[in-house]
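The following report describes selected features of a protein model. The sequence and coordinates are shown first, and the commentary follows.

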Amino acid sequence: MSSNKYKQFLRKDTGNKAWSDACGCYLDWTKYQFGYYTPINIFWRGDVIEQKKITLTGKTTLKIGEETNLKAVVATMAPGETDYGTPVDITARPAPETTWTSHSKNIVSLVGSSGKIKGVSKGSSKVTVVWVKDGYELTATINVTVGDGPVPCKPGQPGCGEEPPPTGVSCTTPAPGRTIPGKYMDPVATASIKADRRGSEQFDVLQGIPTSESLYGNVLARNYLFQNKFVNMTGKCTFTVNVEKTWTLTWDPGKTTTGPDGKPITVPDPQTAEETVTQTHTIERPYSFWVIDNLEVYKIDKATLRNYALPGGEISLSPEGYQEPQFKAEQTGKYYPPPAPGTVTAPGASKNGGKTKPSPDNEDLKSFAEKEVKKVQVTNDSLLFNNQKIMDGTKVEETGPSPGSIPAPTQIEQNVLYSPNHMISSDKVNRANTTSAGTIYYGLLPGNINGGGNQEFSIHGINTVTVHTPVVNYSSVTDDQAHNQKTKPNPNRAAFIMDRPFTVRIPTSGQHTNYPGYGNRDYAKYVRTKQVYFPFDVYSGDKTTFYPKDTWISIPVNQTDTEFFLPVWVDEGDYTVYFRTIAENAPADFTTQSNANLDLSHHVATDMEQVEVIGRLYDFRVTDIADYNWETVFRTEKGGAAPRGVSYWVGQKDIDGGPRGNSLPYTFPIAPGKHPHTGYKNVAVKTGYHFKFDLKTKGNMFGSKDGISITPSFYFVNKDGSGRQPVDLYYHSGSRHFIRIGSAQDTEKRYVILNERLRNVPQSELTDTAAFLYRHGAAGPGGQTGQDFARNYINKISKTKTWVGRFDWMLLPSGVRTLLGPKTGLPSSVDAGRANAAVQRWYGEYSIPSEVYVVKKGTDLATYGRGKRLDEKSDIFLKKGYIVVNFNIVTIQNGRLDSPHLQYIHAPLMNQWKLEGFASRYTNPYGSTFSLMDGDTVFYHADLSSKGDFSSQVPH
């Protein structure tokens, strides 16, 4: 066959259509059948388990001088069987296979080496047999008691304590006749091993019961066992009796005498004589009495039940509330012949013989002997059983009364052999249909007659037990939608937000299989531990414990919710969080099943949650305004560069909505009434002046193509707060007039210098940014040291202009970004440079042209100009009010301008601008109320320009 491996061995035309049960139709025509040889190796391993037991039986009560034979047998439970086979007698096997020992030879001695023992003196001794063969060593022991008195004998045996019969009497030895056997040696034992409590079992052990739950064992059997043999002993006594009878004999032979006449005459001559007749007769008197040839009565000693689920694999049940059988047997069986009557005198008689002497009659005088010989008296053995007379030992004539029968045993009450509260150990792994076995032991009661020994019986048909410790895992995580700034949130993943807490929930309750006691419930009792696994670093909720990524973290079993904290250096992206609940009986090589270990081969329930780690966009603020009216708001003196440390923020709340600590009026928008100094309550910002700002991000925003996109939009509002409307802004550039911001003609470029005099970027941010850039190859191949690069970056690179956009859009690139993530107190496994790069600050500035012309949005200025003269003073331009600059801010990752990552304002799930406390209305010092829009940042005067200060700092 090896040469044909994988070769085709069958190809034939079938000519048949195949029938399909699925469709109830014939399939398409089966044109050919093919067959190929496919080699396969099968390896099989099995464990053959064999069990043996030894049993020692025999008489356990002896008299001094009495001998008896003990019997030892070995039974085998073959592999795959649930009961032992036919026992094998090993009593007389030679040593060292079978060895007999008496523990007290002065009380019970061994006679030879084949199990025969002899009572030596009063007391008790253990007799032990040890069988050694084929790797087995089995031991059995019984206790033998030796009592006072001579060796008992059976009635009828020669010299068995019989008194000699009276003189003239001879009796036959009693001979056994009819027997009455009695036997009830079947315990009719049944047993069950079930879940506590009996009668209201929580679990069906056939289907499953967990560890740490308890079992009860219950055995029902007959309350005693017995066997007996009653023998009718018969015989007869023979009496030799002499019977005397005295006869008075008379006759008259006459005599011749001389009569008066002298003649001879015959005259009466009466004669009398007494004659005693003696007859010897043999008289028989039968007798019959009953003796106990064998009597064995057994009480319940205990029962044992064996099953994998039981503690140690076995429990012992001792009788409780059990009444042993009571009996008293006396060997009083005997016959008592009456004394011989001696010589019996029959009544005399007379007999006349006429003329001759008669002889006594030849009569039989036996009747007189019979009359004088009394019946033999007898006594049975006596037996009283549970106060019921079974055999009557009263002395009677001739025939002892027939014995009755020992009453049949009855079933014990259910509490006699009942043992609850056997806990299934938590180290027992799940196992289905574990087999059960049992043995009930009966002890031979004292007072037995002629044999018997303790008995044991196997209990069959005991139910199996399935150990199945249930655990469930229906875990979940919080979805931090309230802080999810993604432009397109993933509805299939929970949001984990950087530098924020999140909660995992691992309940111990839920739906398991619908067996009794299982179902939808809490399974904490059976849980060894429950764990969560994050493929990223986390802290405990209080930030005191750090857990490196890819660590199974144990959660207290009774703690449903656990808070963790997401470090800022974790990479943004999609992850899977894993959960597992481990049963208390799980082995080291456990296997798992999703949600619940419905299959008992598994000991761990698992779950998983899809999550997304998401960064933040926050802390937008204005740090300086070039307008002279606002100079001292931000700087310590006019013309100086030293900052006061004052900033205008979106609102009075921080990144997560908590108090930021800034007071009014330092909130957006910067508008009339927001100037903190006296006399400036009507001041907004003049057109042409720029304002400096910065904002922060967290997450993977440290790449060279990452940036912040800001889209300005413009509104006009009257000075009393009314009439807000979207507008277009126009400006002049050289010879080009009325260029609409955002049009194709709007080509004015905007630049930002990062390390600029009035920006006051902290030196530490510049140093950390330089170090990051150096590590990521910004120094180039020139062999420049890190210190040299940092110096060059701070003194030169950071002071060069960076193009950030135009009037209608800005894109803050990596050139105006610094890094300010954590650098100290980091776990040893965390890359400090990566952690520092995880938080970014972006610097920018913005202004509108100094000479700006405001029209209602969508106004066609060219059409207007064709009908009317168009100049700076045309009435189409809006003047008496304010220009509101509104920012829409988003993040851009990896240059994907068409797919903004995070939104400051317009995320579908949250609005960071509102979270930071932006007010939707404000009232200026003159009592005018302004309705605001998210993103409103700065109010410019529509009718005041920086040109009026002769120091405009922006192109116009």
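Is glutamate 363 buried, partly exposed or exposed? With a relative accessibility of 26%, glutamate 363 counts as partly exposed. The model under discussion is a predicted one, and the values below are to be read accordingly.

**Salt bridges**

Glutamate 363 pairs with lysine 245 through a side-chain salt bridge, with an N to O distance of 2.3 Å. Glutamate 363 is located in the loop between β24 (343–352) and α1 (366–372), whereas lysine 245 belongs to strand β17, so the pair ties together parts that are 118 residues apart in sequence. Lysine 245 has a relative accessible area of 8% and is therefore buried, the limit for that class being under 20%.

The structure holds 41 salt bridges. Another of them joins the side chains of lysine 236 and glutamate 284. Here lysine 236 lies in strand β17 and glutamate 284 in strand β20 (residues 271–307), so parts that are 48 residues apart in sequence are tied together. Lysine 236 is partly exposed at 33% relative accessibility, and glutamate 284 is partly exposed at 42%.

A further salt bridge links aspartate 392 to lysine 389. Aspartate 392, at 26% relative accessibility, counts as partly exposed, while lysine 389, at 54%, counts as exposed. Salt bridges with shared partners also connect Asp480, Arg500, Arg616 and Asp656 into one network.

| Glutamate 363 | Lysine 245 | 2.3 Å |

**The disulfide**

A search of the whole structure finds one disulfide. Cysteine 171 and cysteine 237 form this bond, with an S to S distance of 1.9 Å. The two cysteines link distant parts of the chain, since cysteine 171 is in strand β13 (residues 169–171) and cysteine 237 is in strand β17 (residues 224–251), 66 residues apart. The torsion about the S-S bond is about 105 degrees, so the disulfide is right-handed. Cysteine 237 has 0% relative accessibility and counts as buried.

**Nonpolar cores and buried residues**

The largest nonpolar core has 66 residues, and those with the most contacts inside it are Phe620, Phe693, Tyr846, Phe887, Ile889 and Phe939. A second, separate core of 39 residues includes Ala195, Tyr322, Ile440 and Ile462. Beyond its neighbours within four places in sequence, phenylalanine 887 is in contact with residues including Phe620, Phe693, Tyr846, Ile905 and Thr937.

Threonine 891 belongs to strand β60 (residues 881–892). Its relative accessible area is 0%, and threonine 891 is therefore buried. Apart from residues up to four places away in sequence, threonine 891 touches Leu617, Thr697, Met701, Gly707, Ile708, Pro900, His901 and Leu902. The C-alpha atoms of threonine 891 and methionine 391 are separated by 110 Å, the two residues being 500 residues apart along the chain.

**Surface and loop positions**

Where is nonpolar surface found? Trp552, Tyr578 and Met608 form a nonpolar patch on the surface, and together they have about 270 Å² of accessible area. Tryptophan 552 is placed in strand β42 (residues 551–555) and, at 30% relative accessibility, counts as partly exposed.

Alanine 778 occupies the loop between α3 (763–775) and α4 (786–795). At 42% relative accessibility, alanine 778 is partly exposed. The C-alpha atoms of alanine 778 and phenylalanine 789 are 8.7 Å apart, and the separation in sequence is 11 residues.

**Backbone geometry**

The loop between β48 (648–649) and β49 (685–687) contains proline 665, and proline 669 lies in the loop between these two strands as well. A cis peptide bond joins leucine 664 to proline 665, with omega about 15 degrees. A cis peptide bond also joins phenylalanine 668 to proline 669, with omega about -5 degrees.

Asparagine 387, although not a glycine, has a positive phi of about 65 degrees. Asparagine 387 sits in the loop between β26 (382–385) and β27 (388–391) and is exposed at 74% relative accessibility. Asparagine 595, likewise not a glycine, has a positive phi of about 70 degrees. Its place is in the loop between β45 (592–594) and β46 (604–614), and with a relative accessible area of 24% asparagine 595 is partly exposed.

Conventions
Residues are numbered from 1 along each chain as its sequence is written. This is a predicted model: local features need pLDDT of at least 70, side-chain atom pairs count only at pLDDT 80 or more; totals for chains, interfaces and linings use all residues. Side-chain values use heavy atoms; hydrogens and water are left out. Patches are made of residues with over 30% relative accessible area and no salt bridge: like charges are joined within 9 Å, nonpolar side chains (Val, Leu, Ile, Met, Phe, Trp, Tyr) within 5 Å. Accessible areas come from the Shrake-Rupley method with a 1.4 Å probe; for residues, only the protein chains shown count as cover. A salt bridge is a side-chain nitrogen of Lys or Arg within 4 Å of a carboxyl oxygen of Asp or Glu. Helices (H or I, at least four residues) and strands (E, at least two) are DSSP runs, numbered from the N terminus. Buried means under 20% relative accessible area, exposed over 50%, partly exposed in between (1.4 Å probe, protein chains only). A nonpolar core is a set of buried Ala, Val, Leu, Ile, Met, Phe, Trp, Tyr and Cys residues joined through side-chain atoms within 4.5 Å. Contact means heavy atoms within 4.5 Å. A disulfide is a pair of cysteine sulfur atoms within 2.5 Å.
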